[in-house]
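Please look over the sequence and the model below before reading the briefing. The points that follow are grouped by topic.

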Amino acid sequence: MTANQRIFPSQTVPTLARKYSGLSWACLLVLLCLAACTAAVDPAEMAAPAGAAFTATLTVAPTETAAPTATIPPTLTPTPSATPTATPTATATPTITPLPCWRRGGRFDQSSLRSDYLKLPMEYSVYLPPCYDELPARRYPVLYLIHGMNYNNDQWDRLGADETADALVAAGEVEPFIIIMPRDRNWGLPEEDMFGQVLVDELLPLIDQNYRTLPERSYRAIGGLSRGAGWAVHLGLSRWDLFGAIGGHSLPVFWSDTNKIRGWLDAIPDGSMPRIYLDIGAKDRQTIMFSALWFENLLTERGVPHEWYLFPGYHEEAYWQAHVDEYLTWYAQDW
């Protein structure tokens with residue numbers, strides 16, 4: 001197990017690789033094609049470093065400890081009467097208590113984008129973090145989350161992305177951030193479905209213009225589940241200049257991307273590789289498992305830093321919902 005791999009449960013990637021090694025490369029290519037085009041949920045499958053301790057060796061002479069109590073003159077006894085006048089200073093503490101808007105949580109905007117490249121407008125949801133309206137001088141990182149096949153832009157909302165973000169922010173575990181959830185209406189490959197091009201060329205600039213974002217790639221991430229994970233890898237690598245982190249949850253690589261990914265990786269300058277997170281359920285579909293393993297092995301062979309997790313679970317919403325907290329924490333860890 002490499003430093004880039006953290007495998008759960010005990011079943012390792014090499015074990016899975018042997019499990020699927022009987023498939024020929026021709027079968028692999030067919031499976032990858034099927035994985036990219038059949039990423040829908042199958043109802044039948046629902047089942048400080050401890051540092052050196054600081055020791056303060058203060059040696060106080062016994063005469064010094066007794067001195068204060070012995071030398072207090074009776075005339076100083078009225079000073080306690082001043083203590084009530086000092087209590088009003090405690091009234092300053094409410095200024096550091098959370099604003100009421102933190103307790104209300106974030107909110108959603110719903111909108112759509114008309115494009116010459118799409119037959120129908122691209123609908124999208126915008127999650128705005130707590131106190132977005134009350135803190136007009138603050139700017140925020142942005143996370144783009146893409147849904148799976150046969151679903152729409154409400155999927156991540158139903159999985160609890162907004163409630164999870166509210167809770168993480170309220171607990172002080174992450175800084176507030178914006179989430180964009182666009183809708184893909186077509187199920188073709190990237191060459192046939194212009195969703196990806198519209199997202200990076202039209203939606204992304206529109207979001208930066210209309211919301212208080214931090215428009216640098218280091219404050220922008222893209223992720224997705226199932227088919228959405230394929231889009232996240234496609235856009236995150238081909239447009240590495242726009243995204244600082246990529247998340248692929250139950251990833252089927254697009255068939256047409258399999259002969260392009262090596263070139264995309266080669267084109268990314270040293271020091272500019274996006275952070276990469278991959279995970280999949282141990283009982284996911286065979287074709288999708290094989291596709292995810294192919295991509296993870298490619299990253300490992302090329303020495304590309306990444307995180308890889310094999311969790312218990314299936315290719316279903318219950319699996320993704322169980323890990324939303326981990327996903328959002330990972331995306332926001334550098335923000």
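Is Arg-239 buried, partly exposed or exposed? With a relative accessibility of 26%, Arg-239 counts as partly exposed. The model is a predicted one, and its chain of 335 residues has 47% of them buried. The secondary structure consists of 13 helices and eight strands, and the accessible surface comes to about 16,600 Å², of which 58% belongs to carbon and sulfur atoms.

**Salt bridges**

- A search of the whole structure finds 16 salt bridges, and one of these joins the side chains of Asp-201 and Arg-239, with an N to O distance of 3.6 Å.
- Because Asp-201 lies in helix α8 (residues 195-210) and Arg-239 in the loop between α9 and β6, this pair ties together parts that are 38 residues apart in sequence; Asp-201, at a relative accessible area of 42%, is partly exposed.
- Another salt bridge brings together the side chains of Arg-107 and Asp-133 at 2.8 Å, N to O, and since Arg-107 belongs to strand β1 and Asp-133 to the loop between β2 and β3, the pair ties together parts that are 26 residues apart in sequence.
- Glu-317 forms a salt bridge with Arg-158, in which the closest N and O atoms are 2.9 Å apart, and the pair links helix α12 with helix α6 across 159 residues.
- In this pair Glu-317 is buried, because its relative accessible area of 17% is under the 20% limit for that class, whereas Arg-158, at 38%, counts as partly exposed.

**Strand β4 and its partners**

- Strand β4 (residues 178-182) is mostly covered, with five of its five residues buried; Ile-178, Ile-180 and Pro-182 point one way from the strand, while Ile-179 and Met-181 point the other way.
- Strand β2 (residues 122-128) runs antiparallel to β4 and is joined to it by four bridges, and Ser-125 has Met-181 as its bridge partner in β4.
- Strand β3 runs parallel to β4 and is joined to it by three bridges, with Ile-178 as the bridge partner of Val-142.

- Helix α7 (residues 161-170) has seven of its 10 residues buried, so the helix is largely enclosed by the rest of the structure; among the buried residues are Ala-161, Asp-162 and Leu-168.
- The helix is followed by Gly-172, which has a positive phi near 75 degrees.
- The largest nonpolar core holds 52 residues, and within it Tyr-144 and Phe-295 touch the most other members; helix α11 (residues 286-301) supplies the largest share of this core, eight residues.
- Leaving aside residues up to four places away in sequence, Phe-295 touches Val-233, Leu-237, Leu-251, Val-253, Ile-261 and Leu-278.
- A second, separate core has 28 residues, including Trp-156, Ala-161, Val-324 and Tyr-327.

**Positive phi angles outside glycine**

- Asn-150 is not a glycine, yet it has a positive phi of about 70 degrees; this residue is found in the loop between β3 and α6, and at 51% relative accessibility Asn-150 counts as exposed.
- Ser-226, also not a glycine, has a positive phi of about 55 degrees and sits in the loop between β5 and α9, where Ser-226 is buried with a relative accessible area of 1%.

How values were computed. Residues numbered from 1 in each chain as written. Predicted model: local features only at pLDDT ≥ 70, side-chain atom pairs only at ≥ 80, totals over all residues. Heavy atoms only, no water. Helix = DSSP H or I, 4+ residues; strand = E, 2+ residues; numbered from the N terminus. Buried < 20%, exposed > 50% of the residue type's maximum accessible area, 1.4 Å probe, protein only. Areas by Shrake-Rupley, 256 points an atom, 1.4 Å probe, with all protein chains shown as cover. Pairing = 2+ DSSP bridges. Core = buried A, V, L, I, M, F, W, Y, C linked by side-chain atoms within 4.5 Å. Contact = heavy atoms within 4.5 Å. Salt bridge = Lys/Arg side-chain N within 4 Å of Asp/Glu carboxyl O.
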